[in-house]
Amino acid sequence: MKRAAMSSSTPFFELRHGDCLDGMARLKPESVDAIVTSPPYNVGIGYSTFDDTARRDDFLGWLTCWAEAVCRVLKPDGSLFLNIGATPANPLLPHQIALRFSERLVLQNTFHWIKSITLETKEGEQISAGHFKPINSPRFVTDCHEYIFHFTKTGKVPVDRLAVGVPYADKSNITRWKKTAGRDQRCRGNNWFIPYPTIHFRDKQRPHPATFPVELVAMCLKLHRVDSQSVVLDPFVGIGHAAIAAAQCGAGKFIGFDLDRDYLGEAKRKLEEYGGSKLRILKIPAKRSARPGSR
Ligand SMILES: C[S@@+](CC[C@H](N)C(=O)[O-])C[C@H]1O[C@@H](n2cnc3c(N)ncnc32)[C@H](O)[C@@H]1O
């Protein structure tokens with residue numbers, strides 16, 4: 001694992017049990033380099049602790065609170081990568097959420113996390129890749145993607161496009177274009193095909209109803225040039241996929257919050273395999289009670 005701690009006394013992984021608004025209130029202003037997260041979308045997902053069926057207005061009001069909290073903790077040149085999916089019945093939800101955030105931050109890039117795709121080769125063969133989860137509907141087609149909205153404070157934060165680049169299909173471009181400097185790597189664009197890793201025992205291998213893949217987070221962190229001085233935060237850390245990506249990308253510190261102790265327990269178990277030995281799950285002292293989904 002590639003990882004360098006900020007200092008020998010700073011623990012790399014900090015997992016905290018409780019409400020992320022309380023957790024973020026305890027962080028120093030402008031102390032976080034990159035936030036990669038997937039909040040609850042309020043679409044009725046069956047989480048163990050959190051009730052994902054709040055009134056739409058309550059949910060959007062709560063989003064405003066946590067957008068403010070994000071603005072407070074994010075460094076001036078920090079990045080928020082916000083993963084949001086839709087449902088056929090809620091097709092506008094990702095855009096409503098992005099609009100709330102755009103009241104405080106600048107939408108710098110929009111990525112499409114493609115989970116499943118069918119392509120036709122030059123020879124006319126059709127290739128399907130990824131995990132296709134069919135729905136049974138006379139009205140809707142199967143939704144095979146989610147959004148990653150990249151917000152920054154200025155809209156001008158440099159990104160390392162080639163860190164997640166791809167080789168040129170036409171190799172003559174390497175010598176034809178000076179900007180390549182002889183390197184066979186071009187910008188990947190904003191369609192990211194990232195299938196879920198195949199698992200055989202969901203309860204044991206991915207005991208959470210709504211995760212994102214480690215690779216998705218790693219791509220965001222590489223784009224933001226996360227290094228050994230960087231602090232990475234996931235306020236809705238679930239079973240810890242963002243933490244694993246932060247470790248893989250050589251971040252200096254990772255902070256994660258979740259309301260559910262069992263999910264954090266699973267994160268702890270996974271992270272111990274990534275060098276987070278003697279990891280403790282700390283409790284966030286609770287101040288708030290009015291968040292949607294509190295049971
Ligand atoms: C979409 S899931 C994130 C899963 C995570 N990305 C992963 O790959 O494991 C959202 C998570 O937010 C947690 N959650 C909901 N409300 C919260 C709050 N106010 N503070 C902290 N965590 C919360 C839920 O328990 C759930 O695990």
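Which residue takes a positive phi in the hairpin of β5 and β6? Hold that thought for a moment.

Some ground rules, everyone. This is a predicted model, where local features need pLDDT of at least 70, side-chain atom pairs count only at pLDDT 80 or more, and totals for chains, interfaces and linings use all residues. Residues are numbered from 1 along each chain, as its sequence is written.

Okay, the overall picture. The protein chain has 8 helices and 11 strands; these are DSSP runs numbered from the N terminus, helices being H or I with at least four residues and strands E with at least two. The C-alpha trace spans about 60 × 55 × 40 Å along its principal axes. A compact globule of 295 residues would have a radius of gyration near 19 Å, and this protein chain, at 20 Å, agrees with that. That radius is taken over C-alpha atoms, and the globule rule is 2.2 Å times the number of residues to the power 0.38.

Of the 295 residues, 33% are buried. Buried here means 20 or more other C-beta atoms within 10 Å of the residue's own, exposed means 12 or fewer, and partly exposed is in between, with C-beta atoms placed from the backbone.

Back to the hairpin. The answer is G124, with a positive phi near 90°, and the hairpin has 5 residues between the strands. Strands β5 (residues 116–120) and β6 (residues 126–130) run antiparallel, joined by 5 bridges; two strands pair if DSSP finds at least two bridges between them.

Now for helix α7, residues 241–248. Here 7 of the 8 residues are buried, so the helix is largely enclosed by the rest of the structure. The buried ones are H241, A242, A243, I244, A245, A246 and A247. They pack against β1, β2, α6, β9, β10 and α8. After α7 comes G250, with a positive phi near 75°.

Two of those alanines turn up again in the core. The largest nonpolar core has 63 residues, and V217, L221, V232, A243 and A246 touch the most other members. Helix α6 gives the most to this core, with 8 residues. By nonpolar core I mean a set of buried Ala, Val, Leu, Ile, Met, Phe, Trp, Tyr and Cys residues joined through C-beta atoms within 7 Å. A246, leaving aside neighbours within four places in sequence, is in contact with L221, V232, A251 and F254; contact means C-beta atoms, placed from the backbone, within 7 Å.

H241 brings us to the ligand. It is among the closest of the 22 residues that surround the ligand, along with C20, T211, F236 and G238; near means a C-beta atom, placed from the backbone, within 6 Å. That shell divides into 11 nonpolar, 7 polar and 4 charged residues. For the classes, Ala, Val, Leu, Ile, Met, Phe, Trp, Tyr, Cys and Pro count as nonpolar, Asp, Glu, Lys and Arg as charged, and the others, Gly among them, as polar.

Last stop, F101 in helix α3. Buried or exposed? F101 is buried, because 21 other C-beta atoms lie within 10 Å. Beyond its neighbours within four places in sequence, F101 is in contact with A67, L82, F149 and F151.

Definitions and conventions. Two residues are in contact if their C-beta atoms, placed from the backbone, lie within 7 Å.
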